[in-house]
Amino acid sequence: MRPPGRVVVIGVGILGACVGWNLSRRGAEVVLIDAGRPGEGVTDWSFSWVNASNKTVRRSYFDLNVAGMAAHRELAATVGPDSWWYPGGHLRWADEPAKEAKFLDTAELLARWGYRVEVSTGAEVRRRLEPALALPDETPVLLYPDEAWVHGRRLVGRLVGQAVAAGGELRSGTEVRDVATEADGSVWTVALSDGSVLDVDAVVNAAGPSASRIAELVGRHLPMRREPGVVTRIDCAPVPIHRAMHAPHIEIRPDGDSSMVLHSREVDALIDTGEEDPAELARLLHASVRQVVPALTDSRIAQTRVAFRPIPADGFPSVGAVPSVPGYYEAVSHSGITLGPVIGRLLAAEILDGQRDELLADFRPERFSR
């Protein structure tokens, strides 16, 4: 297989940035294209939780996420962890017996799979880890010590900066209008909304929620779920918690020295037509977090965004080459924060060396018909 000359990566969220960084550090000519600004789309409006404890529906998906966690640690050692990498574990507890039993069953399964998990009580967690939490003394609390959270926008900025320093090119604020193919179906040129046309040898579709539109440009059908989620940032100083956690009805994590991120699947369920007032959704999240962390009584809602998650129709990633369109590759997935570093490395090896890693065997794009 002849390695490609110029690779265009469409979409510069966490997946596109990781693919582009891995390609550029191996000497490929990379052009990163984003309709907005790198890292400021779904990547910036995600819970940004690095984990495999929530990925037990299929063993191969769990294994891929474990590899993603390891790849994050390697990436932090390579590019430096400051400002984006926040290890320290993840906490989870429930306030309903059925949910509590489900969490404990999952913890037993994960332990059998060799995944580290500790069970404490609410009193122990307040004493050792998170004194600001309001939770009953005897409540079982799961601690997954190897999990982390990531400041996605800062990581994307770090990776893009290094890719450009290695000779890559960034074109932000411009959209892909067309991807032309040759007679044999292979990618040929990419046309942008600024009027430029790029000759290409390979194209990576890492366009997140817009991935199906990019796929259509090469005649491919990539079915995607319509799954919106609302994330709110609140201002608070100092931040009273130290790690990501799933509390009853609310997910919370730090977001730097003076802000926190809030999310809830229950609040997401209130979004059905896109007509709901994001400010009201934010108020629901804010009310929930103040029940869990009373020190946030005087905190203030700063920003709220409803974003669409980039989830292929069956819920699993679509990563790798599409045989019917030579030179066209996909990197489309939910949990991009966890998976970005491992997908970036594996897809770069596939593009440059033709290597198809077994970790991606269940997540190949060809499972969706053209």
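**View 1. A247 has I250 of β16 as its bridge partner.** The model is predicted: local features need pLDDT of at least 70 and side-chain atom pairs pLDDT 80 or more, whereas totals for chains, interfaces and linings use all residues. Residues are numbered from 1 along each chain as its sequence is written, and side-chain values use heavy atoms, without hydrogens and water. Strand β15 (residues 244-247) runs antiparallel to β16, with three bridges between them (strands pair at two DSSP bridges or more; strands are E runs of at least two residues, helices H or I runs of at least four, numbered from the N terminus). Two residues separate β15 and β16 in their hairpin, and H249 in the turn has a positive phi of about 75°.

**View 2. Strand β16 (residues 250-254) has five of its five residues buried (under 20% relative accessible area, 1.4 Å probe, protein chains only).** I250, I252 and P254 point one way, E251 and R253 the other. Four bridges link β16 to the antiparallel strand β17 (residues 259-263); R253 is partnered with V261. Their hairpin has four residues between the strands, and G256 has a positive phi near 115°.

**View 3. Helices α2 (residues 59-79) and α5 (residues 152-165) cross at roughly 55°, their axes coming within 12 Å (lines fitted to C-alpha atoms over the stretch in contact; angles run from 0 to 180 degrees between N-to-C directions).** H72, L75 and V79 of α2 meet L155, R158, L159 and Q162 of α5 (heavy atoms within 4.5 Å).

How values were computed
Buried means under 20% relative accessible area, exposed over 50%, partly exposed in between (1.4 Å probe, protein chains only).
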